[in-house]
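Biologist: Could you take me through one part of this model up close? I'd like to hear about the aromatic rings and how they pair up.

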Amino acid sequence: MSTELQVNKELLDKINPEAKEDILELQNKIQAFRNLEIDQDKFRAFRLARGVYGQRQEGVQMIRIKLPFGKVSPLQLVRIADISDRYAAHNLHLTTRQDIQIHFVKLENAPKVWAELEEVGVTLREACGNTVRNITASAEAGIDPNELFDVTPYAYAAFKFFLRNPVCQEMGRKFKISFSSSDKDTAFGFIHDLGFVPRVKTENGKEVRGFKVFLGGGLGAQPFVAHVAHEFLPEDQMIPFIEAVIRVFDRHGERTKRHKARLKYLVNGIGFEAFMKLVEGEKKALKCKTYIVDRDAVETTVPGPERAYPAVAPSDPQKYENWLKTNVFEQKQKGFYGVNVKQFLGDMATDTAREFAAIIQMYASDDIRITVNQGWLLKYVRKEALPGLFNELDQLGLADPGFDSTVDITACPGTDTCNLAISSSTGISAELERMMKEEFPDLIFNKNIKIKISGCMNACGQHTIANIGFHGMSIKNGNYVLPAMQLLLGGGLEPDGSGSIADKVVKLPTKRCPEAVRIILADYEENAFEGEYFNDYYRRQVAADKTYFYKKLKPLAELSTLTELDYIDWGHTERYVTEVGVGECAGVMLDLVGTLITETEDKLKWAKRAYDKGAYADSIYQSYVTFVSGAKALLTSENVNCNTHIGIVKDFDAHFVNKGLLEVEGGSFEKLVLKMSEQEPTQDFAQTYLNEVTNFLSQVKAYRAQKLLVN
């Protein structure tokens with residue numbers, strides 16, 4: 001192994017054993033990939049589940065740092081900044097999933113980045129890939145005056161339970177969970193695979209906690225509003241319910257057609273009632289029938305040490321007053337204030353991050369939260385500290401009023417780094433914010449119109465839940481192509497806490513989008529009723545004339561009036577060309593069936609390892625995926641399309657068992673495999689199931705060897 005790959009052994013010995021094993025495995029996989037021993041697609045799936053994501057630029061990676069519910073301490077923030085300086089691009093990017101991303105990291109440095117993060121309690125594991133992604137929560141959780149209880153311990157419990165959990169390591173697609181602190185649903189549960197909103201009721205004179213549960217929401221090219229799965233799910237049923245849902249998704253979810261592989265398509269395909277019946281059928285096999293969440297597992301946020309703050313005058317009195325109105329609120333803990341920090345496009349330079357961390361240690365608690373709109377929330381600021389905090393933040397350019405307002409645009413990195421982006425989301429965001437501050441200065445006080453922008457239809461910028469949304473695209477004009485945006489209107493959170501999906505209105509050259517926003521805002525000012533919510537205004541106008549907005553904006557879409565500037569994207573000087581993301585290092589053609597069998601052997605090793613540790617439920621699930629993986633290998637050898645897990649199981653009966661090519665216990669592969677959902681996860685069953693899958697894999701290997709001899 002090259003010296004560059006090696007992580008310092010002393011550092012590895014400081015971190016927890018599971019993380020150490022992960023990091024060493026990543027080192028070995030990178031070396032094997034460089035040696036052309038691993039197929040590119042297989043390596044991609046592996047590294048994504050370890051937070052390593054290929055960029056648009058060849059030869060470098062984006063590292064996504066997983067921060068459950070957006071919590072980060074000043075110490076951790078400084079460590080991330082230091083790592084970015086050593087290995088990345090001197091910048092931290094905050095995401096709508098409350099992660100931090102660093103860019104332009106060499107693949108060989110990924111294990112070092114991970115190890116240095118683990119030393120301060122931060123992980124990369126399952127930050128990307130077909131796993132349970134970072135679990136988000138309302139940033140205000142714990143200090144929200146409207147909350148019934150703090151959801152932070154519940155989000156943390158879900159994070160811990162599903163990290164490295166066998167049920168969610170190789171799903172058909174990613175899985176997203178959120179916890180909102182109140183009925184305002186500020187964590188957007190209505191667009192998540194699972195969303196939780198606190199509920200409290202009284203039983204026998206005692207307060208009982210629980211959750212309203214959303215299921216099957218999602219964004220992307222075809223957004224869905226989630227179903228309400230439970231109006232009240234007792235808190236001790238939260239983890240079992242999540243596991244049951246994931247098990248059903250893992251078994252029945254699409255795996256071949258990637259664009260149809262999210263939970264929302266499965267739920268809407270088989271029907272909500274049928275899906276919930278499958279979830280009910282998983283209960284017997286669950287590791288935990290109930291799960292008591294430790295409400296003290298997350299250290300309670302405490303104010304920083306009380307100190308005398310010098311009486312200072314705000315450096316800009318008017319800006320300070322606006323900042324107090326838009327960025328500061330009194331916590332439920334009287335006498336303390338939450339302070340939101342508007343972070344332009346979610347990007348913070350590393351030098352700024354270190355200064356920011358020092359300011360936080362002086363004025364606030366150590367519990368910093370990244371917000372879902374790519375900003376920061378500081379907690380437990382004393383009233384007398386507010387002027388000094390404002391002055392310090394203002395010196396760093398971090399005291400702009402208007403947090404979470406119309407002028408606080410959410411945008412993904414777009415064509416700056418992403419393979420999938422079609423047109424620039426950051427460049428147009430900068431221009432829109434500039435235009436609105438100059439022409440509509442009062443919008444810093446408007447929190448009812450949200451603008452969100454994505455570089456493509458995949459909605460990383462959450463454009464489909466914006467009052468005014470854009471996603472990147474291109475338009476062909478004769479032999480030329482110009483950068484464009486699809487405009488959407490009418491999405492987002494409604495005043496009652498429900499959610500709406502935005503409607504597509506018109507496709508526009510991207511250079512004309514600021515004028516479109518100007519027209520929309522001016523029309524809203526002129527024609528909205530007093531105090532009318534933007535979406536109500538939008539729906540009222542469309543109800544009277546469904547082409548109202550299209551007709552207003554159609555002149556901007558006319559290609560006959562294009563100028564040379566329309567062919568240049570925001571933030572660029574050269575003519576626009578559509579680009580497909582640059583591929584990664586070339587792989588080598590491998591024996592696909594042989595590779596699948598090797599992977600099946602690895603899965604069997606994990607099943608045996610879990611059994612030896614006494615983790616019988618985990619062993620059973622690892623044995624299950626071993627059965628499926630082995631069956632997929634032989635089906636692939638016969639050119640049978642392998643889609644869902646349940647499809648693989650049924651197809652194996654049809655193509656092998658029923659034809660007498662392989663014998664299985666009871667004469668049915670489906671019954672053999674699926675009894676894992678019908679049995680309690682006991683040691684005896686784990687041992688029996690492990691023996692059965694070991695025997696099955698032996699048959700698979702023997703069949704494959706015989707076929708190779710014949711051929």
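Modeller: Ring pairs join F627, F652, F656, F669, F685, Y689, F696 and Y703 into a cluster. Keep in mind that this is a predicted model. As for burial, F652 has 0% relative accessibility, so it counts as buried. F656 is buried as well, its relative accessible area being 0%.

Now zoom out a bit. The whole structure holds 37 aromatic pairs, and F149 with F211 is one of another kind: edge-to-face, at 5.6 Å centre to centre and 80° between the planes. F149 belongs to the loop between strand 6 (136–137) and helix 6 (152–162), while F211 is in strand 9 (residues 206–215), so this pair ties together parts 62 residues apart in sequence. Both F149 and F211 are buried.

As for the setting, the chain has 21 helices and 22 strands. Its radius of gyration is 27 Å, close to the 27 Å the globule rule gives for 711 residues, so the chain is as compact as a globular protein of that length. Buried residues account for 59% of those 711. And of the contacts between residues at least 6 apart in sequence, 70% join residues at least 24 apart.

How values were computed: Residues are numbered from 1 along each chain as its sequence is written. This is a predicted model: local features need pLDDT of at least 70, side-chain atom pairs count only at pLDDT 80 or more; totals for chains, interfaces and linings use all residues. Side-chain values use heavy atoms; hydrogens and water are left out. Helices (H or I, at least four residues) and strands (E, at least two) are DSSP runs, numbered from the N terminus. The radius of gyration is taken over C-alpha atoms; the globule rule is 2.2 Å times the number of residues to the power 0.38. Buried means under 20% relative accessible area, exposed over 50%, partly exposed in between (1.4 Å probe, protein chains only). Contact means heavy atoms within 4.5 Å. Rings of Phe, Tyr and Trp (its six-membered ring) pair if their centres lie within 6.5 Å; planes under 30 degrees apart count as stacked, over 60 as edge-to-face and the rest as tilted.
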